[in-house]
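This report looks at how two protein chains meet. The model comes first, then the reading of it.

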Number of protein chains: 2
Amino acid sequence: MIRIGIDVGGTGIQTGVVNEQGAILAEESIVTRIVLPFSEQIRLMTESVRHVIASAGFTEDQILSVGVGVPGIASKETGEIIKCPNMGWNHVPFREEWIRLLNKPLFIDNDANVAALAESVSGVSAGTSSSVFITIGTGIGSGIILNGKIWSGAHGIGAELGHTIMKLGGVPCTCGNHGCLERYCSATALIRMACEKAGSLSADSALLRAVNGDLSAMNARIVIDLARNGDPVASAVFNEWTDNVSQAIANVVNFLDPEVIVIGGGVSRAGAFLLDAINEKYPQYVVFRDQPIPEVRLAVLGPKAGIIGAAMLS
Amino acid sequence: MIRIGIDVGGTGIQTGVVNEQGAILAEESIVTRIVLPFSEQIRLMTESVRHVIASAGFTEDQILSVGVGVPGIASKETGEIIKCPNMGWNHVPFREEWIRLLNKPLFIDNDANVAALAESVSGVSAGTSSSVFITIGTGIGSGIILNGKIWSGAHGIGAELGHTIMKLGGVPCTCGNHGCLERYCSATALIRMACEKAGSLSADSALLRAVNGDLSAMNARIVIDLARNGDPVASAVFNEWTDNVSQAIANVVNFLDPEVIVIGGGVSRAGAFLLDAINEKYPQYVVFRDQPIPEVRLAVLGPKAGIIGAAMLS
């Protein structure tokens with residue numbers, strides 16, 4: 001038997017055939033077309049499922065379940081997608097529409113929750129019963145695994161670590177509030193901090209040369225690579241930013257204390273350089289720092305976590 | 001059958017006989033004597049248990065279990081109290097010592113966890129399966145109930161909401177870090193904010209008159225009562241402080257989304273005046289504020305929660 005995992009994103013929709021051990025046997029991608037009516041989007045997705053299982057030599061009878069990870073929130077009970085701005089979906093009857101075209105058990109969850117589940121079943125947090133997955137990219141996403149299951153809250157509105165307030169009266173956030181954690185810990189924050197510093201540098205500084213004087217070309221990789229190579233300005237920015245990230249991790253530990261913390265998202269590609277900085281800084285922010293504390297690990301499944309985790313939904 | 005609940009505090013130790021419905025049948029209190037050797041403290045506590053059950057007409061045979069709530073952290077497995085500064089206990093073999101004197105199933109947990117459990121079994125959050133209890137007093141304590149059970153973390157170091165960082169680079173905290181939530185949301189924070197405002201007031205202002213010009217006599221009740229009576233300065237302080245508390249509650253909701261939030265501790269005696277302010281402010285800080293969100297309730301068991309919750313430990 002096979003499970004289907006679908007990772008819905010604002011630019012593409014990845015569909016994978018996953019076996020019961022969590023390995024991807026086949027996958028394909030279609031372009032997200034937000035302008036299409038919702039029912040047409042669903043139709044294209046079910047078509048993609050049929051296409052990918054056929055290409056892998058399976059039949060519909062062999063599908064045990066279909067899981068969908070979305071950048072938004074959904075109701076587990078009704079299968080309604082409550083809100084998914086990147087897809088233009090607002091209170092759409094996803095499951096109802098889907099099973100008219102492909103009648104299999106259908107599960108829907110938030111994409112960060114799904115990635116957290118994937119890492120906890122066949123990734124870096126496999127074998128643990130509790131973990132918090134933090135994805136650091138343009139924003140900050142998070143997924144909570146407790147007793148081996150996704151915890152998205154009593155009303156399905158939890159695991160939004162990026163919008164907990166980390167600096168009272170801080171910088172404005174896209175969510176309408178001020179001082180949200182993702183304003184200080186995301187890749188976007190790292191870029192902002194680098195640009196603030198770069199504004200007062202001479203034109204021949206490494207940070208400005210790396211973007212040919214054009215701050216709009218700044219990205220997280222440039223800052224991290226320069227810091228890794230010892231550039232003092234980039235190092236100072238990286239140091240301040242990893243200090244913020246370490247305090248964010250300590251917030252999760254002081255409040256929830258999971259077995260492990262998993263760091264994913266684009267920024268996690270910085271590897272040991274990032275992990276070492278966090279491991280050096282984060283324990284000092286834990287109240288009971290003289291006790292055993294959660295280990296911080298880097299995600300290992302990368303973009304595949306979306307497909308694998310979705311397929312594991314139940 | 002009866003259960004014994006013991007609430008260990010820095011000034012007194014309350015021992016209660018609790019029936020299986022969670023009602024206190026008898027109780028007594030002994031003075032905490034931190035100068036005594038640990039083994040002698042234990043002996044006095046077991047004596048108090050024997051005394052209170054006899055006074056209520058029970059015998060030792062009728063004791064089902066003994067639960068102890070401590071202002072510190074303990075190991076559920078070994079029964080060791082790892083750290084309890086107010087009692088001078090540091091890695092003391094509590095259970096081992098206790099059962100030599102009174103051999104009954106013995107459970108130990110943190111006092112805020114215990115109060116959270118009490119409210120969730122026979123208090124204001126009864127009937128819910130998840131809740132977060134926040135006690136607002138000199139500091140901020142918290143207890144997390146998930147699936148009807150205390151969640152204190154994978155390493156027993158969680159539920160320290162008061163020491164999550166709410167203002168990066170903020171005021172120093174007793175824990176050694178800066179900007180901890182309890183520096184902005186505790187009764188101590190309310191008093192500090194009132195004193196800061198009062199420093200620039202004329203001597204006939206209501207806040208200064210209430211303490212006869214002596215700021216060291218300021219307390220939370222004075223500020224809240226003046227705010228309730230419409231004094232503009234106290235109202236501004238109360239408004240800013242409840243704004244902080246509301247953001248703290250929203251942090252819990254955005255991250256964990258429990259069924260309900262319970263507010264306890266001395267400050268909760270402000271009643272509807274406090275609850276109304278929180279209910280007006282808190283939803284705006286929730287990311288998915290257009291969805292159903294956790295209800296905020298005031299604790300109802302008061303200081304008795306310590307005995308009741310301890311008796312319910314299992």
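Predicted model: local features only at pLDDT ≥ 70, side-chain atom pairs only at ≥ 80, totals over all residues.

On the side of chain A that touches chain B, the elements giving two or more residues are β6, β10 (140–146) and α8 (232–255) of chain A. α8(A) gives the most, with seven residues. By class, that side of chain A has 27 nonpolar, 19 polar and seven charged residues.

Two salt bridges are counted between chain A and chain B. A:Lys83 forms a salt bridge with B:Asp290, with the closest N and O atoms 2.8 Å apart.

## Extent of the contact

Chain A and chain B each bring 53 residues to the contact. Between them they bury about 4,600 Å², 62% of it on carbon and sulfur atoms. In chain A, the most area is lost to chain B by A:Leu168, A:Phe255 and A:Phe288, together 19% of what that side buries.

## Symmetry

Chain A superposes on chain B by a rotation of 180° with 0.0 Å of shift along its axis, at an RMSD of 0.0 Å. The two copies are thus related as by a two-fold rotation axis. Of the interface residues of chain A, 100% are also interface residues in chain B, so the copies meet through the same surface.

Strand β6 (residues 81–84) of chain A is joined to β7(A) by three bridges, and the two run antiparallel. A:Cys84 has A:Trp89 in β7(A) as its bridge partner.

The open sheet has three strands in the order β5-β6-β7 (chain A), paired antiparallel. β5 (73–74) and β7 (89–92) of chain A are at the edges with a single partner strand each, so one side of each has no neighbour in the sheet.

Conventions. Residues numbered from 1 in each chain as written. Chains lettered and ligands numbered in written order. Heavy atoms only, no water. Least-squares fit on C-alpha atoms with pLDDT ≥ 70 in both. Contact = heavy atoms within 4.5 Å. Pairing = 2+ DSSP bridges. Helix = DSSP H or I, 4+ residues; strand = E, 2+ residues; numbered from the N terminus. Buried area = accessible area lost by both parts, 1.4 Å probe. Salt bridge = Lys/Arg side-chain N within 4 Å of Asp/Glu carboxyl O. Nonpolar A, V, L, I, M, F, W, Y, C, P; charged D, E, K, R; others polar.
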